[in-house]
Structure formats: C-alpha cells, structure tokens
Amino acid sequence: MRKEDKKTSKPLWAGRLSEKPEEQAFAFQASINIDKRLVFDDIECSKAHAVMLGKQGIITKDSASKIKNELDKIAAEIKSGKLEIDTTQEDIHSFLESALTERLGDIGKMVHAGRSRNDQVAVAFRLFLKRTVPVLQSEISFAVNVLLDTAQLHVTSVMPGYTHLQRAQPVTLGYHLTAWACALQRDITRFSDALTRLDECPLGSGALAGTTLPLDRKTTAATLGFSRSTLNSMDAIADRDFAIEISSACAVTMVHLSRFCEDIILWASEEFKFIELSDSWSTGSSIMPQKKNPDFAELIRGKTGRTAGNLVTLLTLLKGLPYAYNKDLQEDKESLFDSIDTLSVCLKMFAGMIKDASFNLKRMKAACIGGFLEATDTAEYLVKKGLPFRAAHETAAKIVRDCIEKGFKHISSLNIAELKKHSKLFEEDIYKAITPLACIKARNLPGGPAPKEVRRQIRILRKKIL
C-alpha cells in the first residue's frame with residue numbers, strides 16, 4: 001500500500017455517509033490490529049468466492065482469474081515482508097480489498113459481489129479456527145505423550161494417593177501421571193467436537209438474508225474445505241457458538257493444567273519433596289538466596305484465570321444480542337485469540353517442565369508409611385474372609401485407633417494376637433496383604449493402579465491420541 005493512499009483510503013461503507021468519522025472515533029471502531037491474523041484465511045475466502053463468481057457468470061472468468069492471481073501475489077508479498085499490512089485501515093478485509101483495487105482497478109472491486117463483510121468475517125474466522133485448533137490438539141497430544149513416557153517409567157514407583165489433601169491409599173507415580181493424561185485426552189476430544197459443529201461455511205449468507213445473485217454455495221464450501229454450507233443465513237451470521245465452544249475447551253484444558261500444576265507446586269515444597277524441578281523450569285528469590293521457586297507452574301495456574309475470563313467475555317457479549325449481526329460481534333476474536341495463545345504457550349511450558357523433572361522416589365515411598373493408607377485394604381481383607389463390609393470398616397477403624405494410642409504408624413506394627421482381639425479372622429497373611437506395593441498390585445480391576453493395569457491404560461491412551 002502506497003504511503004499516500006493511507007490518508008485517502010475510505011471505509012467500504014463510506015458511500016452512505018457524507019463524512020468519515022473523526023480519527024479517534026474511527027480508530028475506536030477499527031479492528032485490524034486484532035483481525036490481521038486472519039489475513040491468509042480471508043485471502044483464501046476471497047479467492048474461492050472470485051472463482052465461483054467467474055464460473056457462475058456473475059463476473060467474467062478472466063476477471064476472476066486476475067483477482068485470484070493477484071490475491072496469490074498479495075499473500076506471497078505479505079509472507080515475504082514485501083507488503084506490510086496497513087493498520088490505519090478499518091479491518092483486514094478492508095485492507096485486502098483496497099490492495100486488490102489499487103492493483104486491479106475496477107476488476108478488484110468485483111470481488112465483493114454477492115457477499116457482505118458479515119459472512120466474509122464469519123468464514124475467515126472459521127477457517128482460522130479450522131487450521132489453528134488442530135495445532136492445539138497436537139500440542140496437547142505432545143504433552144500427553146510426555147506424561148505417558150514418564151508414567152511408563154514409574155508404574156511401580158509407590159507414592160500416596162490423596163483425597164481432601166490427606167493421604168488416602170497407596171498408588172504409583174505412573175498411575176497419578178496417567179490420570180493427568182486421561183484428562184488431557186478428553187480435552188482433545190472436546191476440540192474435535194467443536195470442530196465438527198464449526199465445519200460449515202457461511203459464505204453466501206450475505207448480511208443476513210443471502211443475495212439475489214446466483215451463487216454456488218456448495219462449491220465455495222467444498223473449495224474452502226468445509227463439509228457443508230450453513231443451513232440458515234441469519235443463523236450463520238448471528239452464530240458464534242463455535243467461538244464459545246473453542247473458548248470453553250481452552251478454559252477446561254487450562255483448568256486441568258492448573259490442577260496438575262497445583263500438585264507439582266505442592267510436591268516441590270519442602271513438606272512433600274516429591275519432585276525436583278529442573279533449574280531451567282525454576283526461578284530464585286530476589287532476597288532469599290536459598291529459594292528455588294516453581295514459578296512456571298504457578299504462572300500456568302495463574303493464567304488459567306485469563307481463559308476463564310475470556311469465556312465469560314464471550315458469553316456476556318452474546319447473551320443480549322438480537323439474533324443477527326451487531327457490531328458487538330467484532331469483540332468475539334480478541335478474547336478467543338488470547339485463550340488460544342495462552343493455552344498454546346502453557347502446554348509447551350508444562351510439557352517441558354515435566355520432561356525435565358526428577359522424582360524423589362524414596363521420599364514418595366516413605367510417605368506411604370504413616371497415615372494408615374492400608375486401612376481400606378485391611379477392611380477388604382476381612383470382607384474376603386466373610387465379614388460384612390460395614391463391620392469390616394468399623395473393625396479397621398478401631399485398629400487404626402488402637403495403633404494411634406500405642407504410637408504406631410502402620411497396622412502391621414500390631415502383632416497377630418493384637419489383631420485377633422479385633423477379629424479372629426486375621427491370619428499371618430494379613431502382613432503381606434497390606435504392604436504398599438501389595439495394596440497396589442491387588443487393585444487390578446480396570447481403572448486401578450496395579451502396574452499391569454496402568455500399562456494397559458497407557459497403551460489405550462497412546463492409541464487414542466494418534
């Protein structure tokens with residue numbers, strides 16, 4: 001765009017008004033600094049539209065070919081840096097049409113026949129998400145594989161499982177990490193679900209009621225890689241459900257990362273000392289020389305609030321809008337772009353942090369002694385001997401109380417005579433049944449922490465994310 005043209009370019013809608021809005025007002029309603037990332041999606045949209053116009057005889061095939069070829073040149077020049085996006089323009093769509101008109105004159109003005117910026121924006125936005133969301137999914141898959149690689153190494157590494165942040169039952173580190181991987185795998189499917197509903201083309205919907213020109217919507221949809229055209233043009237223009245769904249999927253994934261990071265932050269504390277984060281994924285203190293802070297995990301946890309807020313922004317934006325296009329919809333992109341960017345960088349940080357971490361396996365195993373993590377297994381031992389569960393539960397609880405009064409930290413500290421005072425069903429085999437690893441191996445039902453079962457879970461998850 002020539003420098004002098006920046007001062008004289010007019011908005012696409014300037015014909016109706018005798019004056020252009022003053023500079024400050026025009027800048028307020030402009031969106032090019034946000035939607036410029038749609039530049040290549042908008043070019044693809046315009047190319048498909050121009051070719052279709054030529055095939056339908058709405059413009060000549062020669063004009064359509066010139067428009068397509070010039071748009072290809074513009075795309076190449078933007079990629080190479082030869083052509084800079086003029087941020088004084090109203091939006092990226094206006095910039096591209098102005099550039100095309102500057103180069104092709106009246107032929108460039110033909111590109112907008114049969115479409116509105118309303119459907120043009122909706123198409124470019126969907127195209128952007130169709131190519132961006134799969135990148136997010138691949139980043140989630142990478143993080144899952146990092147978790148599973150680490151879990152594979154630790155299917156027998158004993159650690160406490162927690163409920164209410166209290167030691168509950170013995171599990172393994174591999175089992176815990178596999179649980180995280182399960183959550184992220186579901187996140188991949190949420191994005192897939194959203195992409196399925198997003199995969200329809202609004203091009204040809206016009207401002208809200210289509211056009212009298214004989215457009216071929218089916219062809220443009222196929223050319224742009226959509227599976228279908230939108231059913232109703234008013235709905236196509238009003239709809240931003242797809243943005244809400246992607247924003248929601250981003251927020252849910254970030255909530256998962258935040259919860260995982262909360263575990264990491266706790267594990268890295270002196271009180272737990274389960275994990276040692278690499279120096280590359282830690283920071284020091286400006287005043288306390290001894291500190292090694294899990295700042296990257298804390299920042300992921302903190303940035304989760306942004307994605308939750310962005311989802312609320314979109315919901316609030318839409319909840320009071322009449323069902324067609326309103327200028328408010330211009331605000332649909334900034335928050336979603338921020339959520340996508342935030343999730344992308346946090347996934348990279350999380351995967352790198354886990355990949356370089358080391359685990360204090362001795363500390364984890366030692367934490368299984370004390371807290372009576374074997375109490376449930378003691379009750380189930382009695383159930384297997386024929387005692388009703390509620391009676392077995394009460395017996396195990398009394399045994400725990402007995403141990404506490406004696407200053408013991410494990411049920412096995414009681415000798416067999418002391419155990420038989422609580423139930424004559426106890427035999428010597430109880431001591432082998434309630435070691436941490438025995439408790440884990442006995443839980444071999446689908447979904448359990450037994451090493452063989454965790455390896456099966458890992459295999460299934462790997463197949464799901466292929």
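Q: What classes of residue does the lining of the largest pocket have?
A: The lining holds 12 nonpolar, eight polar and two charged residues. Ala, Val, Leu, Ile, Met, Phe, Trp, Tyr, Cys and Pro count as nonpolar, Asp, Glu, Lys and Arg as charged, and the others, Gly among them, as polar. This is a predicted model, where local features need pLDDT of at least 70 and side-chain atom pairs count only at pLDDT 80 or more, while totals for chains, interfaces and linings use all residues. Residues are numbered from 1 along each chain as its sequence is written, and side-chain values use heavy atoms, with hydrogens and water left out.

Q: How much space lies in the largest pocket, and which residues are the closest to its centre?
A: The largest pocket has about 440 Å³ of space. Its lining has 22 residues, and Gly161, Tyr162, Val171, Tyr175 and His176 are the closest to the centre. Two or more lining residues come from each of strand S1 (158–163), strand S2 (166–172), helix H9 (173–198) and helix H12 (241–267). H9 gives the largest share, five residues.

Q: What makes a space a cavity, and what makes it a pocket?
A: On a 1 Å grid over the protein atoms alone, a cavity is a set of points where a 1.4 Å probe fits but cannot get out, whereas a pocket is an open set with protein on both sides within 12 Å along at least five of seven lines; lining residues have an atom within 4 Å of a point. By this rule there is one cavity of 30 Å³ or more.

Q: Which residues line the largest cavity?
A: Asp42, Ser46, Leu71, His93, Leu96, Glu97, Leu100, Val111, Arg115 and Gln120 line it. About 40 Å³ of space lies inside this cavity. Helix H4 (39–55) and helix H6 (92–104) each supply at least two of the lining residues, and H6 gives the most, with four. By class, the cavity lining has four nonpolar, three polar and three charged residues.

Q: Why is Met234 called partly exposed?
A: Its relative accessible area is 35%. Buried means under 20%, exposed over 50%, and partly exposed in between (1.4 Å probe, protein chains only), so Met234 falls in the middle class. Met234 sits in helix H11 (residues 233–238). Together with Leu208 and Tyr323, Met234 makes a nonpolar surface patch of about 270 Å². Such a patch takes residues with over 30% relative accessible area and no salt bridge, its nonpolar side chains (Val, Leu, Ile, Met, Phe, Trp, Tyr) being joined within 5 Å.

Q: How do you know that Asp149 forms a salt bridge with Arg462?
A: The closest N and O atoms of Asp149 and Arg462 are 2.8 Å apart. Asp149 lies in helix H8 (residues 117–153) and Arg462 in helix H21 (residues 451–464), so the pair ties together parts 313 residues apart in sequence. Asp149 is partly exposed at 43% relative accessibility, and Arg462 is partly exposed at 25%.

Q: What is the distance, N to O, in the salt bridge where Arg306 and Asp338 meet?
A: It is 2.4 Å. Arg306 belongs to helix H13 (residues 295–319) and Asp338 to helix H14 (residues 332–355), so this pair ties together parts that are 32 residues apart in sequence.

Q: How many salt bridges does a search of the whole structure find?
A: The search finds 33.

Definitions and conventions:
Points joined across faces, edges and corners; volume = space filled by probe spheres on them. Patch = residues over 30% accessible without salt bridge, like charges linked within 9 Å, V, L, I, M, F, W, Y side chains within 5 Å. Areas by Shrake-Rupley, 256 points an atom, 1.4 Å probe, with all protein chains shown as cover. Salt bridge = Lys/Arg side-chain N within 4 Å of Asp/Glu carboxyl O.
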